Amino acid sequence: MTEILFHPATPMPGPEARLAELDLRVEYLDQAIWAGVNARTSAPALGPTNGPGLLDWIHRVGRLREVLVERGWTRYDKWNAGLVRHPDKPIVLGALQGNRHTGDEAAKLRSDYTKGPAITGMTQDNDHDQFSLFADFERNGGLKLWFLVTFPTVRDGRLVVLREVSQPEPTPQGQVIDHWAHRIVLPPYDFGPVVESGEDGAVEVDFPVALR
């Protein structure tokens, strides 16, 4: 009689452990997220409709760089893509707005905008598989492009920012990013209740912005 032995599958490391492989911590990311949300509140009421989102991205990139440069990373401005580069590992990190599926590994994450030649070029050395974070480094000598992907939304009357750190697969120019080699999903960052007010029925976002 043949005896078949089953070995238990190796458990997937948790998000904190996977972030640690990139020398990242949740608190680093949250400082950038907080800076972006805080910047949204300074957008003029009659400014362009994309003003809050643009301010969010500018301050998210800026704070992310500040936090990581203090830890040896360097500003990486190739094609003005707003990235920061790890001092030793083949990693560059940027900020990207996702969709309502951000932070949900079972759902289809996609970038909010199509990508131009800069980001397209930066994804060409990214991974095509899920087997190793850095398996292609020696063979290709290329950098791996990762993003802090965020999406602010309201759930049950509370402002939350959906978040994850993910590496896109190589992406053609002019397309949204919707294929990912690696996704490190994190629980939402809860900013507290949203208060509806204003004579014109507009929603005023009122929430604490104290950094945790």
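1. Buried is taken here as under 20% relative accessible area, exposed as over 50%, and partly exposed as in between, with a 1.4 Å probe and protein chains only. Trp57, at a relative accessible area of 33%, is therefore partly exposed. The model is predicted, so that local features need pLDDT of at least 70 and side-chain atom pairs count only at pLDDT 80 or more, while totals for chains, interfaces and linings use all residues. Residues are numbered from 1 along each chain as its sequence is written, and side-chain values use heavy atoms, with hydrogens and water left out.

2. Trp57 is placed in helix 3 (residues 51-69), where helices (H or I, at least four residues) and strands (E, at least two) are DSSP runs numbered from the N terminus.

3. The sheet is open and has six strands in the order 1-2-3-4-5-6, with mixed pairing, two strands being paired if DSSP finds at least two bridges between them. Its edge strands, each pairing on one side only, are strand 1 (74-76) and strand 6 (180-193).

4. Strand 3 (residues 91-97) and strand 4 (residues 144-155) run parallel and are joined by seven bridges; Gln97 has Thr150 in strand 4 as its bridge partner.

5. Helix 3 lies across strand 1, strand 2 (83-85), strand 3 and strand 4, and runs at about 155° to strand 3, whereas helix 2 (residues 26-40) lies across strand 3, strand 4, strand 5 (158-168) and strand 6, running at about 55° to strand 6. Contact means heavy atoms within 4.5 Å; axes are lines fitted to C-alpha atoms, for helices over the stretch in contact, and angles run from 0 to 180 degrees between N-to-C directions.
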